[in-house]
Amino acid sequence: MGRSAGIVYLLVALAALCLPWLGIYPVFLMKLLCFAMFACAYNLLLGYGRMLSFGHAAFFGFAAYVTSWLVTAHGAGPAAAILSGAAVAALLGAVFGGLAIRRHGIYFAMITLALGQLVYFVCLEAPFTGGENGLQGVPRGTLLGLLPLRSDLVMYYLVLAVFVAVFLFIRRVVHSPFGHVLRAIRENETRAISLGYDINRYKLLAFVLSAALSGLAGSLNALVLGFATLSDVQQSASGEVILMTLLGGTGTFFGPVVGAAIVITLQEYLSDLVGGWVTAIIGVIFVACVLSFRRGIVGELEALRVRRAVSRAAGARAAGTDRLTTR
């Protein structure tokens, strides 16, 4: 991690610690962090694996249902319920990934879309999901018998800690040998095969990791809001996470976080003013950003920083050459 990146991370962390004390509603901040976590997990699949999934809300929403069901029907503690939701999402990801990764492009996307719709209908018809009403009144409980999560402030710092852990984990995965192979597959799949890599195994592992982290985000979101509904597994939720990732910038670390912050903020603060038109406004903003920032907001900023660095290096070399010529 470079010095400038470390300073940025430190400033962002300090701001996140102070935000609840500045009058910002903690539940809004927790929802933002959960969807930022969801977008970061999706970016691991799309940005580094170049696998476009149209059904990723299945992992987010189904994990939310599992966590809510365990807490309300069986009195499970929040830690066990959250981990169970993430584990079920990982298992679901292994099944979906095993069926989808052998296809490419639009065929992969359509398979994930169909499987995501299948999960939606399961959540609609299964007896433990509450049907169209979903699961309401999900209690937060007490974490490990020590931390009472009924307090929004305590819950916020728990969600923040989990988000930071997930963010650092994804960063470590991307910079690991596994991440380098995954990026090699993204850039040139044929060459990766010629080098002897079992690309399906790497893609499946990336799919499972993304599904598990998406499920973790969904489980936390269910506890934060106190309910799990069909909106968590609808196709629109998959569209939202794609929008967040592309808006912020695929293949970047901060991009999905910025995209999630923009989308969730617009949804929360514009819905009271314009009602259903908020979706159209977000769509217009997305189109404008795609036309103006093809790499996403953070992607364009990083590209600008690289161009300036190259320009300064070229200027320094030219100045050195001029001094040598003068001598």
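A disulfide is taken here as a pair of cysteine sulfur atoms within 2.5 Å. In the structure, which is a predicted model, 0 disulfides are found by this criterion. For C123, the closest cysteine sulfur is that of C34, and because the two sulfur atoms are 18 Å apart, the separation is too far for a bond. C18, by contrast, has a relative accessible area of 40% and so is partly exposed.

The largest nonpolar core comprises 98 residues, and those with the most contacts inside it are M37, F96, M155, V159 and F163. Helix α2, which spans residues 26-49, gives the most to this core, contributing 19 residues. In soluble globular proteins, nonpolar side chains tend to be buried together.

Y25 is found in the loop between α1 (3-18) and α2, and, with a relative accessibility of 52%, Y25 counts as exposed. Although Y25 and L153 are 128 residues apart along the chain, their C-alpha atoms are separated by 9.8 Å. R50 lies in the loop between α2 and α3 (57-74), where it adopts a positive phi of about 50 degrees although it is not a glycine. R50 also counts as exposed, because its relative accessibility is 56%, and the cut-off for this class is over 50%.

Helix α10 (residues 235-248) packs with helix α12 (residues 277-292) at an angle of about 35 degrees, the axes of the two helices being 10 Å apart, and the crossing of α10 and α12 is left-handed. On the side of α10 the contact is made by L243, L246 and L247, whereas α12 supplies I282, F286 and C289. By class, the contact of α10 with α12 has 6 nonpolar residues, with no polar and no charged residues.

Key
Residues are numbered from 1 along each chain as its sequence is written. This is a predicted model: local features need pLDDT of at least 70, side-chain atom pairs count only at pLDDT 80 or more; totals for chains, interfaces and linings use all residues. Side-chain values use heavy atoms; hydrogens and water are left out. Axes are lines fitted to C-alpha atoms, for helices over the stretch in contact, and angles run from 0 to 180 degrees between N-to-C directions. Helices (H or I, at least four residues) and strands (E, at least two) are DSSP runs, numbered from the N terminus. A crossing is left-handed if the near helix is turned anticlockwise from the far one by less than a right angle, and right-handed if clockwise. Contact means heavy atoms within 4.5 Å. Ala, Val, Leu, Ile, Met, Phe, Trp, Tyr, Cys and Pro count as nonpolar, Asp, Glu, Lys and Arg as charged, and the others, Gly among them, as polar. A nonpolar core is a set of buried Ala, Val, Leu, Ile, Met, Phe, Trp, Tyr and Cys residues joined through side-chain atoms within 4.5 Å. Buried means under 20% relative accessible area, exposed over 50%, partly exposed in between (1.4 Å probe, protein chains only).
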